[in-house]
Amino acid sequence: MTVHSLFKSYIALAALLIAVPFAMACSSGDSDVFIPPTENKNNPKDEDSEKGEENNDSAQVDRTTPFFIEIDPVPNDKKWVKVEELSDEFNDGFDDDKWYRDPAKDPFGWYGRPPALFESDNVTVKDGNLNVTVEKFASPKKVNGTTWTHGGAILRSKAKAKYGQYYECRMQANKTVMSSTFWIAFLQNCSMGPQKKLELDIQECVGRVHDGTDSWATNWDQSYHSNTWRHARSCDVEKSLNSPAVTKMEEKNNSRYFVYGCWWKSPNEILFYLDGKHVHSITNPPADFDIEGYITMAIETYDWNPIDEANILESGTWDQRTTKYDWVRTWKLAEKE
Ligand SMILES: [Ca+2]
C-alpha cells in the first residue's frame, strides 16, 4: 500500500464514520432527530393556511374566555365569565330551557318575511351543531292569513341580552339566497314601552346573490355586515334610522365557519370581531342601546335577494340548504379576585 492509497483509505473510513451514524439517525424515527425544514414550511402561503386551520380548531373547543386572537380587550382589573343561560355548544340536543324555536311561542310572534315561513321543524341539533335547513314546500301553506311557499326558522334566547357583555357565534352560512344571521332583537310597545324599536345586527348575510339582487346588496354573500336600527314607529321616529358597519370578507360566508363576535360595550359603543380580531365598530347608533333584548338567529327570505330560477331551495343537498351554528357564547365582565 502506497502512502497515497493509505491516505485514500483514511478518507474513505472517515467518510464512512461520519455517514453511517447520520444515515442511521435519519432513518431511526427517534423524536429527537433533526429533520431539516421542508420547502413548504418556508412558504408563507402554507404557514397562513396552517394558522387558519389552527385558529378554527381552537375556536371549536370549549373555552374559558371569548375567542380572541392576539389582543383580548378585557380591562386590566376584570375577567370574562361565561353567561351560561345565553351560551350553548349545541352538543347535547336542543335545549328548550335556553331557546325558542316556534314563533307562536316566543315573545315576538313574528312568523317570517314572505314567502318563507319560520317553522320549528327546520331546526335540528346534530353533530355538535344547531342547524336550520331551508326548503321549498311541496304545496303552499296558509298560516296567519298569509300564503307561504318556503320554509326557514327563527331562534330566540329565553334569557335577555344586555350591554356590557360579549356575544359570539361560530357559524357557517347556507348556500341559498336565504339569510344566515346572528343579532339581538328588542321588544317595543307604544303604550307599555319601550317606545323605540331597536335592532342590533351582529352579522346578517345571505348564501348566494344573483343578477336579480339589488345593486346595494351584491356582496352580501361575502360580507361581515353589522348594523344598529331604530325602526319607524307611530310613537317614535317617523322614518327608520340606521348606522351600519361593514367589513368585506376574503371568502364567501358559506365557504367555512367564521366566528362573529360583538362587544356591546356601552349604549353607544359597539365593537365587532371576525375570527377573534376587531374589524369594525359602531359608535354613533341612532339611539342609545340601553335596553335588554333577545339573541336571535333568523333564516329568512328578502325581497332584495329574490328566489330566482337557479335557486337550490328544492334541489340543493341538506348541507347546501343548512346554516350551521357550532356554538353561541356570551360573556360578562367580573372583578378579578
Ligand atoms: Ca358545537
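## Why these labels? A chat about the predicted model

Reader: Let's start with Trp99. Where is Trp99 found?
Author: Trp99 sits in strand S2, which covers residues 99–100. Keep in mind that this is a predicted model.

Reader: What makes Trp99 count as buried?
Author: The cut-off for buried is 20 or more other C-beta atoms within 10 Å. Trp99 has 22 C-beta neighbours inside 10 Å, so Trp99 counts as buried.

Reader: And which residues is Trp99 in contact with, leaving aside neighbours within four places in sequence?
Author: Those are Leu155, Arg156, Ser157 and Lys158.

Reader: Phe90 next. What makes the phi of Phe90 worth a remark?
Author: Phi of Phe90 is near 55°, a positive value, and the residue is not glycine. Phe90 lies in the loop between strand S1 (78–82) and S2.

Reader: Buried or exposed, and how do you know that for Phe90?
Author: Buried takes 20 or more; Phe90 has 22 C-beta neighbours inside 10 Å, so Phe90 counts as buried.

Reader: What about S13 and S14, in what sense do they pair?
Author: Antiparallel, over six bridges, between S13 and strand S14 (residues 269–274). A hairpin of two residues joins S13 to S14, and the bridge partner of Tyr260 in S14 is Leu274.

Reader: Which residues have the most contacts inside the largest nonpolar core?
Author: Ile202, Tyr260, Trp264 and Tyr325, in a core of 61 residues. Strand S13 (residues 258–266) gives the most to this core, with six residues. In soluble globular proteins, nonpolar side chains tend to be buried together.

Reader: What is Tyr260 in contact with, beyond four places in sequence?
Author: The list includes Phe182, Ile202, Tyr224 and Leu274. Glu168, Cys169, Met171 and Gln203 are in contact with Tyr260 as well.

Reader: What makes the bond between Gly193 and Pro194 cis?
Author: Omega is about -5° for the cis peptide bond that joins Gly193 and Pro194. Pro194 lies in the loop between strand S9 (179–185) and strand S10 (197–206). Another cis peptide bond joins Pro114 and Pro115, with omega about 15°, and Pro115 is in the loop between S2 and strand S3 (116–118).

Reader: Where does pLDDT stay under 50?
Author: Over residues 11–55, for which the model has eight contacts beyond four places in sequence. The chain averages a pLDDT of 88, and 83% of the residues score at least 70.

Reader: Zooming out, how many helices and strands are there?
Author: Two helices and 17 strands. Of the 337 residues, 36% count as buried. Among contacts between residues at least 6 apart in sequence, 72% join residues at least 24 apart.

Terms used
Residues numbered from 1 in each chain as written. Predicted model: local features only at pLDDT ≥ 70, side-chain atom pairs only at ≥ 80, totals over all residues. Helix = DSSP H or I, 4+ residues; strand = E, 2+ residues; numbered from the N terminus. Buried ≥ 20, exposed ≤ 12 C-beta atoms within 10 Å, placed from the backbone. Contact = placed C-beta atoms within 7 Å. Core = buried A, V, L, I, M, F, W, Y, C linked by C-beta atoms within 7 Å. Pairing = 2+ DSSP bridges. pLDDT = per-residue confidence, 0-100.
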